[in-house]
Amino acid sequence: MKPFQKILGPTDFSAHALEATRVAADLSRRYAASLTLVYVYEPVNYAVPEGYILYTSSQLERMFAEFEQRLVEARRDAETAGASRVDTRLLQGLVASEITDFAFEGGFDLVVMGTHGRTGIKHLLMGSVAERVLRRAPCPVLTVRLPKGT
C-alpha cells in the first residue's frame with residue numbers, strides 16, 4: 001500500500017502557501033497521489049445595523065470568481081511542479097474547521113500547508129490556522145515554511 005494516496009493542500013495564496021503547494025506537488029508526483037488544493041473564504045462577521053450588508057451579491061460574485069481564478073493558477077503551478085492529478089475546491093466558513101472537516105469527509109491521508117511561523121505576541125494576536133488544523137486533522141499534517149531569507 002502506498003503511504004499517501006490523497007493529499008490535501010490548503011492555500012491562502014501567500015508565499016508560504018505557494019511553497020507548501022510545491023512540496024505537496026512533489027509528494028503527489030513521488031507517490032502518484034491525487035492532490036486537492038483548497039481555498040477557504042472566511043466571511044467577516046462584523047455587527048452592522050439592520051438592513052446594511054457588507055458585500056453586495058455582485059461584489060461576492062467577483063470575489064468568488066477571483067478565488068476560482070487563483071485556484072486555477074495554483075493548480076497550474078502544482079501540475080508544473082509534477083503533481084499527478086490536481087483538483088481544486090473553494091469552501092466557505094471558519095478556515096481551520098473547513099479544512100479539517102474536508103480532510104475527514106474526503107478521506108485524505110496527508111495535509112500539506114504553509115505556516116508563517118509566527119511566535120510571541122504576533123502568534124497570540126493572529127492565531128495559527130496551521131496549528132488548529134494540526135490539532136484537529138484526521139491525518140498527518142506537514143507544515144512548510146519558506147526558507148530563511150526568502
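Is Arg-22 buried, partly exposed or exposed? Arg-22 counts as partly exposed because its relative accessibility is 45%, where buried means under 20% relative accessible area, exposed over 50%, and partly exposed in between (1.4 Å probe, protein chains only).

The model is predicted: local features need pLDDT of at least 70, side-chain atom pairs count only at pLDDT 80 or more, and totals for chains, interfaces and linings use all residues. Residues are numbered from 1 along each chain as its sequence is written, and side-chain values use heavy atoms, with hydrogens and water left out.

**View 1**
Five strands form an open sheet, in the order S3-S2-S1-S4-S5, with parallel pairing. Strands (E, at least two residues) and helices (H or I, at least four) are DSSP runs, numbered from the N terminus; two strands pair if DSSP finds at least two bridges between them. S3 and S5 are the edge strands, each pairing on one side only. On average, neighbouring strands of this sheet are turned by 20 degrees against each other, direction ignored.

**View 1. The pairing of S2 and S3.**
Eight bridges link S2 and S3, which pair in the parallel sense. Val-38 stands opposite Arg-89 in S3.

**View 2. Helix H1 from end to end.**
H1 covers residues 15-31. Its 17 residues should span 24 Å at 1.5 Å a residue, and the end C-alpha atoms are 24 Å apart, which agrees; the expected span is 1.5 Å times one less than the number of residues. After H1 comes Ala-32, whose phi is positive, near 50 degrees.

**View 3. The buried residues of H1 and the elements that cover them.**
The buried residues of H1 are His-16, Ala-17, Glu-19, Ala-20, Thr-21, Ala-24, Ala-25, Leu-27 and Ser-28. What covers them includes the strands S1 (6-10), S2 (34-41), S3 (85-92), S4 (110-114) and S5 (141-144), together with helix H2 (57-80). Contact here means heavy atoms within 4.5 Å.

H1 lies across S1, S2, S3, S4 and S5, and runs at about 150 degrees to S4. H2 lies across S2 and S3, and runs at about 155 degrees to S2. Axes are lines fitted to C-alpha atoms, for helices over the stretch in contact, and angles run from 0 to 180 degrees between N-to-C directions.

**View 6**
The structure holds six salt bridges, each a side-chain nitrogen of Lys or Arg within 4 Å of a carboxyl oxygen of Asp or Glu. One of them joins Arg-22 to Glu-19, with the closest N and O atoms 3.0 Å apart. Arg-22 and Glu-19 are separated by about one helical turn, because they are three residues apart in H1. An α-helix has 3.6 residues a turn, so residues three or four places apart point the same way. Arg-29 and Asp-26 also meet in a salt bridge (2.6 Å, N to O), and being three residues apart in H1, Arg-29 and Asp-26 are likewise separated by about one helical turn. Arg-29 is partly exposed at 43% relative accessibility, as is Asp-26 with a relative accessible area of 22%.

Glu-79 and Arg-75 form a salt bridge whose closest N and O atoms are 3.2 Å apart. Being four residues apart in H2, Glu-79 and Arg-75 are separated by about one helical turn. Glu-79 is partly exposed, at 39% relative accessible area, and Arg-75 counts as partly exposed at 32% relative accessibility. Elsewhere, salt bridges that share partners join Asp-26, Arg-29 and Arg-30 into one network.
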